Amino acid sequence: KDFGYIEFNEPFMALRHQGIILGEDGQKMSKSRGNIVDPDELVKKYGADTVRMYLCFMSEYSHGGPWNPTGILGIKRFLDRIYNKISNLKSQISKSQIKTRNSELERLLHQTIKKVGEDIENFRFNTAVSTLMILFNALEKENISKDTAKIFLKLIAPFVPHFSEELWQKLGNNPDAPQNGSRSSDRKRRRKSIHLEIWPEYNPKLIEA
């Protein structure tokens, strides 16, 4: 404000308080109570993205709550299912085939794009993750296209950045690999990281029930 860059007094337009993560006993974590959860050990055991997604999922951002040691296992299994599904994707299935075969799935996909985008903007990370779970339960039963898989990866990328980047590259989007093409200028082009992609857009007509 002193330099004239902003015209308001407060440094931020909104203030959001995050909730406190308590011990398993529902009390504030402390060495004296012996209820401390070591995040480094959890990262070693489950991976950083699993811990990150569980923290987003376990409660509302502003509420916090007691740590549940079994809850993170559910997130680990969820991510394992996603990895297996997308790693073994049948590339010959086209988006048009999926759309023709299952219009309800297409509607759910667009509803999820809308819901997750709005939830992230409003710090409702727990409901965003649960919405992604509902979508994946439906996708898991189908032979989905690469295009659909890419949209899903973009939606989960804010919650599991390393995990989504690895699967993004498995779908042929390696940012370190040159694009296909015989010309040297084509070979110099690089594919983008998933985190440089544009957020998916939903079709308002397709979200109507």
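Among contacts in the protein between residues at least 6 apart in sequence, 66% join residues at least 24 apart; contact means heavy atoms within 4.5 Å. This is a predicted model: local features need pLDDT of at least 70, side-chain atom pairs count only at pLDDT 80 or more, and totals for chains, interfaces and linings use all residues. Residues are numbered from 1 along each chain as its sequence is written, and side-chain values use heavy atoms, with hydrogens and water left out.

**Whole chain**

Show the cartoon. The protein has 9 helices and 2 strands. Helices (H or I, at least four residues) and strands (E, at least two) are DSSP runs, numbered from the N terminus. From that end, the order is β-α-α-β-α-α-α-α-α-α-α.

Of the 209 residues, 37% count as buried. Buried means under 20% relative accessible area, exposed over 50%, and partly exposed in between (1.4 Å probe, protein chains only).

**Stop 1: the largest pocket**

Select Gln-18, Gly-19, Ile-20, Ile-21, Leu-55, Cys-56, Met-58, Ser-59, Glu-60, Tyr-61, Gly-64 and Phe-125. These residues line the largest pocket. Strand β1 (20-22) and helix α2 (48-57) each give two or more residues to this lining. The pocket volume is about 260 Å³.

A pocket is an open set of points on a 1 Å grid over the protein atoms alone, where a 1.4 Å probe fits, with protein on both sides within 12 Å along at least five of seven lines; lining residues have an atom within 4 Å of a point. Grid points are joined across faces, edges and corners, and the volume is the space filled by probe spheres set on the points.

Colour the lining by type: 7 residues are nonpolar, 4 polar and 1 charged. Here Ala, Val, Leu, Ile, Met, Phe, Trp, Tyr, Cys and Pro count as nonpolar, Asp, Glu, Lys and Arg as charged, and the others, Gly among them, as polar.

**Stop 2: both ends of α1**

Go to helix α1 (residues 39-46). Asp-38 caps its N-terminal end, with a side-chain oxygen 3.0 Å from the backbone nitrogen of Asp-40. Now move just past α1. Gly-47 takes a positive phi of about 100° there.

**Stop 3: Thr-112 in α5**

Select Thr-112, in helix α5 (residues 103-121). Thr-112 is buried, at 1% relative accessible area. Leaving aside neighbours within four places in sequence, Thr-112 is in contact with Thr-131, Leu-132, Leu-135 and Leu-155.

**Stop 4: helix α8**

Next, select α8 (residues 161-170). Its buried residues are Pro-161, Phe-163, Ser-164, Glu-165, Leu-167 and Trp-168. Their cover includes α2, α3 (71-87) and α7 (146-156). Just after α8, Gly-172 has a positive phi of about 95°.

Ser-193 is in the segment after α9 (184-188). Ser-193 is buried, with a relative accessible area of 15%.

**Stop 5: Leu-206**

Finish at Leu-206, also in the segment after α9. Leu-206 counts as partly exposed, at 24% relative accessibility. Leaving aside neighbours within four places, Leu-206 is in contact with Glu-106, Arg-107 and His-110.

How values were computed. Polar contact = N/O pair within 3.5 Å; in protein donor to acceptor, adjacent residues only side chain to side chain.
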